Amino acid sequence: MATFSKRVTSTGEVTHQAKCRRKGHPTQSKTFKNLADAKKWARQIERAFDLGELPKDARQADAAHGSLADVLRRYRDEVAPNHKGGWIETLSINAWLREQVEFTNTRISDLSPTVIATWRDQRLKELKPASVARQMNILYSAINKARLDWGVPIPDCKVKRPKQPAHRDRVLTKDEEKKLLAAARKSSNDYLAPAIQFALATAMRAGEIINARWTDVNVERKVCRVREAKNGTPRDVPLSTAALATLAGLDRSTGRVFEGLTSETLKRLFIRLTKRCEVDDFHFHDLRHTALTRYARTGMNPLQLAVISGHKDIKMLQRYTHLKSDDVVALMG
C-alpha cells in the first residue's frame, strides 16, 4: 500500500514523498515536487510488486549502491563536506570502513533493525552511550539521504538510540574561579587567563573565542561579531565591562584577538590547568554554562540570555542556565 507525506523545507519548498511497502519486498520511497508525479510513481511500484519484480529504478539504485559501504562512501564524499561538522562524519565513516567491515559490507537488501541493533550493541561495548548515539545520527543521515534523494531501496531499519546521560550542570564556583585564574596567569601562554575571563564574561564557545578577530570587535557598540556560529547564524555578542577590560589588556596589532591560542592548544592547556588546581570534572565549555547561569541569576529573562548565547530554541537554553530554587527565591524578593 502506498502512503504519501507532504514536507515543507525551511526555505518554504514543498515536496511529496511516496512510500510503498509490501511484505517480501524492500520498502520503496521517492520524493517529488508535486503529488501527481508521486502517485504515478507509486502505481508503477505497486504494479512491479504485483508482478513479483524489483522495480527498474530500484534495480539501478541497487547496482550503484550494493552495500552499506557504497552508501557511506558517497555520503562521505558528496554530503559530509558541506556540513559544518563534516570532518567528524568523515572520520567516523572512514573508521567504520576500516574497522567495521562485516557491518559496512552488509547488502542494502539485507539491512534490517536486527542488523543495526547488533551493530549498536557491539559499539556500546566499546564506546559511551552518547558517542554511540552520535554515530547512529551519522549512520541514519546517510541512510535517509540515500533513501530519499538517491532512490536507494533501503528497508526501514530504525532502532532505538542509546539512552542519553543527563545534561551537564557543572558551574564554576567563585573560589574555583580564583584558583584557576591565579594559576592561569602563571602559565607560559599569556592568552590562557584572558581567554578564561572572556569566556566567563561573554558565554562564547571555545571555537568562537579562538576565531574572533580584532575586526569583529566594535568597542563603541560594545559587541563582538561571531561570524561562524554553531547554528550557522552570525550574531553580535554583547560585551560587558569585564569583557572590554579583558580585551584592553591584549595586543591589538594581531589578526586574531587570542593570537597565541589554537583550539587544540587551549584544550590541552585547560585540561592541565584544572588538574593542577584540582578543579574536578570541569571542561572549558562549562565556562559557557557558568556565564549564562550567572547572568540568569541577575534576573535576565530568557530572551535576553538568548541574545548572549545565540540560542534559537529557548528549550536548548534551559540546559545552560542551571538555576536552583534558592536563586529564584532571591530574585523574588
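Predicted model: local features only at pLDDT ≥ 70, side-chain atom pairs only at ≥ 80, totals over all residues.
Local features need pLDDT of at least 70, side-chain atom pairs count only at pLDDT 80 or more, and totals for chains, interfaces and linings use all residues. Residues are numbered from 1 along each chain as its sequence is written, and side-chain values use heavy atoms, with hydrogens and water left out.

Me: Why is H13 called roughly antiparallel to H14?
Reply: Helix H13 (residues 286–297) and helix H14 (residues 302–309) pack at about 150°, with axes 10 Å apart; because angles over 145 degrees count as roughly antiparallel (under 35 is roughly parallel, 65 to 115 roughly perpendicular, the rest oblique), H13 is roughly antiparallel to H14. The axes are lines fitted to C-alpha atoms over the stretch in contact, and angles run from 0 to 180 degrees between N-to-C directions.

Me: Which residues of H13 and H14 make the contact?
Reply: Arg288, Leu292, Tyr295 and Ala296 of H13 meet Leu305, Ile308 and Ser309 of H14, where contact means heavy atoms within 4.5 Å. By class, these are 5 nonpolar, 1 polar and 1 charged residues.

Me: What makes H9 roughly antiparallel to H11?
Reply: The axes of helix H9 (residues 192–202) and helix H11 (residues 241–248) cross at roughly 155° and come within 8 Å, and the angle makes H9 roughly antiparallel to H11.

Me: Which residues of H9 and H11 meet?
Reply: Pro194, Gln197, Phe198, Ala201 and Thr202 in H9 meet Ala242, Ala243, Thr246 and Leu247 in H11, and the residues of this contact divide into 6 nonpolar, 3 polar and no charged.

Terms used: Helix = DSSP H or I, 4+ residues; strand = E, 2+ residues; numbered from the N terminus. Nonpolar A, V, L, I, M, F, W, Y, C, P; charged D, E, K, R; others polar.
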